[in-house]
Amino acid sequence: MQSRLDTVFWAYFDEYLKKDSSFSLRKLTTDNKQKINEVYEIAYFAIFQYKLWKNEPILTINPEDYNQFADYLTVNYENLFQQKNNSNIKLSKFNTKDEKDIQLIKEITTKLILVHINKTSWIEKNENYINNYYWLFSSLTSLSLRFQYDLNFKKENNINYHSVVYPFLTTCVMIDIFDTKNMINKIKKIFSKENLAFAFKSGRSLSQEEKKWILPQLINIKNDEDWNLFLINFSRDKWELHDVNKRFKLIHDLSRLTTIFLKEEIHNISFIGDGDEVYEKLENYLKLFLPISKEERSLIFKKEENVNWQALFPINYKDYNFKWTLFHISKFKDYKKLKYKEDKLAEFIWRVRYIFDYIDFIMKNKSKNEIISTEMINFKYVGLVETLKMFEFNKNKYKVLIKPLTFSEINLDYKYFEKAVQKSQRFEELADRALQITIMLRTITLLICIDYKAPKAFNYSISEIIIYYLLSFGPYKKNMNLFQSKDIEQLESKVVKLLIQYKKLKNKNLVLDTLGVINKLQNFS
C-alpha cells in the first residue's frame, strides 16, 4: 500500500474536516498522513464486508451506524489488512492489541473517513461516467474483487471462501456484459466442454449434494441443441430484448457453471441457490450494470425517481477524484496553458483503472482458478502475450514472465515527481522498477497493450498521454501548483532522449515494457 502524500485529497484535507479541533491527527505530519491513508484504504474495503455481515445492499452509510461500523472495523482490522495487502509482508501502522491504537482507528474512521466517503463516494445517476465503458468495466471488476471472499466466516484449513455474490460478478466480468457484440463468443470459449470437464475433474471432488445441484446445467451443456438454445439468449439481438430481471436470471444460470471453476474456495457450490440472495445484495448495482444503453439506464432511473437509489463507488477515488482535480487545476494559470479537455481527463482515469483492474482480476484468480485467468489472458493475447510477453503458455497454463505492475505503485508525491523530471541520459534509471519514471512508462505501455483504442483516443501522442497522466495523479498542494508546463516539457524531452537511445540498444527486450511499445507509438505518430 503506497503512501500517497501529495494527492488532491491532501490538498483539500481541511475542506473535509472543516474546523474540528478535536481531531487527534489534525497536524499533518508524514506519519499521520500514512496512518490516515492506511485506515482509509482498509475502511473502504471493510464497508463491502460489513454489508455482507449485515446481509444488506450498500445503499447508505448512516451517521448513526458510524460507531457500529468502527467497532466492526477494529475487531476485523488485522484480517482485513492482510486480505487487502494480499500478503503478510507489509506491516500496519497500528497495533490492534493496543487500546490507544484501536481508539485512534475509530476516531479516524468516524470523524474523517465515513464523513468524506458520504460526501464524495456515491455514484451519481445523472453523471456521464455511468455510461462510459471503461468506468463500467473497472467498477464491475472492482466490485467483484471487493466481494471475492466473505471474511465474516472463520477460515477452514486456512482457506477464505468466496462470497455468495462472487460467482455472479465473476461471470459478468469474464463474459464482459458491456460488450454485447462479443459476449456470446466469450461464453463459448470460457464455458467450453473441455474447460468444464477439466475443472470438474481437477481439485476437490464435488459432494453428492453438489453433483445433484449442478447436474441440470451439465446435462444442458452436453446436449448441443439445448446448449445453443440457451446461448442464443446472449446474442446481441436477443440480449437487447430482455429486461434487467431476465438478464440477471440468465447470468445467474451461467454462474452455476462458474462455481465449478471456483469450487476450491467454495464450501458447497449450491450456496448461490436460485439467485434471490444474490439479487437482494446487488440490486442497486444491477440497475447500473445490466442496462445495455444510456437510454435504457435513464429509463430505469426515471421510473425510480421517488426511490432513493444509491450505490457506493466500488473503486476508492480518494486520491484522484477527477472533480476535485478539475477544480484545483482551474485555479492556476500555468495549468491552463496545458492542452487538455475535462472529459478526456476523466476518460484517462477510467482507462488507467480499466487496465489495472483487468490485470488484477487475472492475478487474483490465477493460483486457484487457472481457467478463468487463462481465458482472460487469451482475450488480450496480442497485447499481453505477443507484444508485451508478460505471460508464456506452458503445460496448459500461463506462466508469468514479467511481474505485473499494480495501480498502487503509481505515487507522484513531489519528491518522486522531482526525481522523474530530472535529466537522465542513461538506461540505468529504468532498471529501478520502483522509480516513478519507470512506473509511468510501464503504465503507458500497459495502456497501449490492453486498451487497443487508447492510442487513437489520445491522438497517438506520447506527449498528450504524459499530460493526462500528470494531471490525473498529481502532485498537488492546495495553494500552489507543484508542477508547471516546463516540467512536463522536461519529462517529455527525457522520454524522447531515452527513445533515441533505445534505437541503439542491442538487447531491446530489457526495456520492452518501458520503451519498446512506446517506441512503436512514437513511430506511428
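User: What area is buried between domain 1 and domain 2?

Analyst: In this predicted model, about 2,100 Å² is buried between domain 1 and domain 2, with carbon and sulfur atoms giving 59% of that area. Buried area is the accessible area (1.4 Å probe) that two parts lose on being put together, summed over both.

User: Where are the domain bounds?

Analyst: Domain 1 covers 8-123, domain 2 covers 133-312 and domain 3 covers 322-523; the bounds come from an automatic or database domain assignment. Residues are numbered from 1 along each chain as its sequence is written, and side-chain values use heavy atoms, without hydrogens and water. Local features need pLDDT of at least 70, side-chain atom pairs count only at pLDDT 80 or more, and totals for chains, interfaces and linings use all residues.

User: How many residues are in contact?

Analyst: 21 residues of domain 1 are in contact (heavy atoms within 4.5 Å) with 21 residues of domain 2.

User: How many salt bridges are there between domain 1 and domain 2?

Analyst: The count is zero, where a salt bridge is a side-chain nitrogen of Lys or Arg within 4 Å of a carboxyl oxygen of Asp or Glu.

User: Which helix gives the most to the side of domain 1 that touches domain 2?

Analyst: H3 gives the most, with seven residues. Helices here are DSSP runs (H or I, at least four residues), numbered from the N terminus.

Technical notes
Helices (H or I, at least four residues) and strands (E, at least two) are DSSP runs, numbered from the N terminus.
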